[in-house]
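Hi,

Here is the structure I promised to pass on. My notes follow below it.

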Amino acid sequence: MNIVKSRNLILGAVALAAACAVAAPVKKNVIDEVAWVVGDEPIYRSDIEDQYMQMRQEGAPIQGDPYCVIPEQLAVQKLFLHQAKIDTIEAPESQLSSGVEKRINYFVANLGSREKVEEYFHKPINALREELKEMMRTGYIVDQVQATLTKDIKATPNDVRKYFDALPADSVPYVPMQVETQLISINPRIPEQEIEDVKARLRDYSERINNGESSFSSLAILHSEDGSNLQGGELGFHGRADWVPEFSQVAFNLTDPNKVSRIVETEYGYHIIQLIEKRGDQVNVRHILLTPKVSSKDLADGVVKLDSLRKEMVAGKVSFDEAAYWISQDKDTKNNKGVMMNMKTGSNRFEMQDLPPEMARKVETMQPGDISEAFIMKDPKKNRDVIALVKLTKRIPGHKANLSEDYNMIKQMFEAHAKGKVVKDWVEKKIGETYTKVSDGWGNCEFTYKGWQKNEK
């Protein structure tokens, strides 16, 4: 469970790579071999070795000789960074800080403590934070330069059709079985006494923290029901828009790191919050989240209620679309006739593993048009039990991609191909305009881009 709104994490691949990239200190020889030169910037053998070690630790595939592939990647990166200076492209500090704190929290969660993180990376947290920030800055800037280069690419139906028709048969992707579904869900009633018990526990934690009897972090580890509990409830630096409004309002009004906030109610449950640090328009806080539990009786009552509704649907007295609008409490689907959207793809189609597991088990045995019996499932966003009905609208068997069924996917393939060509053409043009030198012993390669060695034809 996480109160942070879902959004794209900047530079996910760069951030994931960072763990290994900074895992060992850079060990340069007194005299380090210059392997490549791009403009006036050298690429040292030690840079290449460090990158190679990182990729091996990650198990990342390298298509070709690493001593050809890696220096070329570093050289291309320098071309993008040089263009970013010309275009005055900069990475937003607040976004970088947020991304860095997410990575630090991830490391702490997996290694167990900040001390173990420092031991693993052979450096203090502050030094690690700065290295991660520079890696993310580079990744962000490179992405922005590429986005600028490709921003005018627009796929027309004719473009997509020509691209698909030209694909070799063995390049046409296989699409696994997919389904389209509609959802109705209701939140069971939570007894007032359960809510009062949760608030009483939070008040007790606050008193113990304010009196110095316990630390906020230790209580969060022991009792918080949020995924941040492994980091002592710490959420890392975020802006106001990153959290739900009720949480942000309290978090950004805190001024004393030694005090605990009032109890805050959000759609995820009840929280207490403690300020760690403010930096400009961002704040880092820790919190403890408790979620009132639904009784087995109320869950059973909810199942009976939705099963009665299902009988009316099957009898044709009410449509699923109408019931979703008037009854469903799932705010993501109720105004869309209950139609579920796949956040991974932006479409209304799901592979079975992308559905909540309880729903997937129901859908697996259903036929298009069937409405399931009411069932209890865990809301994946809020980690709480809800009562649900699911309607299987359509089942699309696994198949080789085709334009009629998979147009959006093929369109994305075409756009990726077109953008890749634009970027490749730009890189090769920049190589022709830039001084480059591949040192002896480093040039016996089949490079992705032409022109690194100026005698290339």
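In strand E8, Asn-284 is the bridge partner of Phe-237. Keep in mind that this is a predicted model.

That bridge belongs to a wider pairing. E5 and E8 (residues 282-290) pair in the antiparallel sense, over 3 bridges.

Both strands sit in an open sheet of 4 strands. The order is E5-E8-E7-E6, and the pairing is antiparallel. Strand E5 (234-238) and strand E6 (264-266) are the edge strands, as each pairs on one side only. On average, neighbouring strands of this sheet are turned by 40° against each other, direction ignored.

Now the helices. Helix H8 (residues 192-210) lies across strand E7 (269-279) and E8. H8 runs at about 30° to E7. Helix H9 (residues 216-223) also lies across E7 and E8. For H9, the angle to E8 is about 45°.

How do the two helices sit against each other? The axes of H8 and H9 come within 10 Å and cross at roughly 150°. Angles over 145 degrees count as roughly antiparallel, so H8 is roughly antiparallel to H9.

- From H8: Arg-201, Tyr-205, Arg-208 and Ile-209.
- From H9: Phe-216, Leu-219 and His-223.
- By type, the residues of the H8 contact with H9 divide into 4 nonpolar, 1 polar and 2 charged.

Best wishes

Notes: Residues are numbered from 1 along each chain as its sequence is written. This is a predicted model: local features need pLDDT of at least 70, side-chain atom pairs count only at pLDDT 80 or more; totals for chains, interfaces and linings use all residues. Side-chain values use heavy atoms; hydrogens and water are left out. Two strands pair if DSSP finds at least two bridges between them. Axes are lines fitted to C-alpha atoms, for helices over the stretch in contact, and angles run from 0 to 180 degrees between N-to-C directions. Contact means heavy atoms within 4.5 Å. Angles under 35 degrees count as roughly parallel, over 145 as roughly antiparallel, 65 to 115 as roughly perpendicular and the rest as oblique. Ala, Val, Leu, Ile, Met, Phe, Trp, Tyr, Cys and Pro count as nonpolar, Asp, Glu, Lys and Arg as charged, and the others, Gly among them, as polar.
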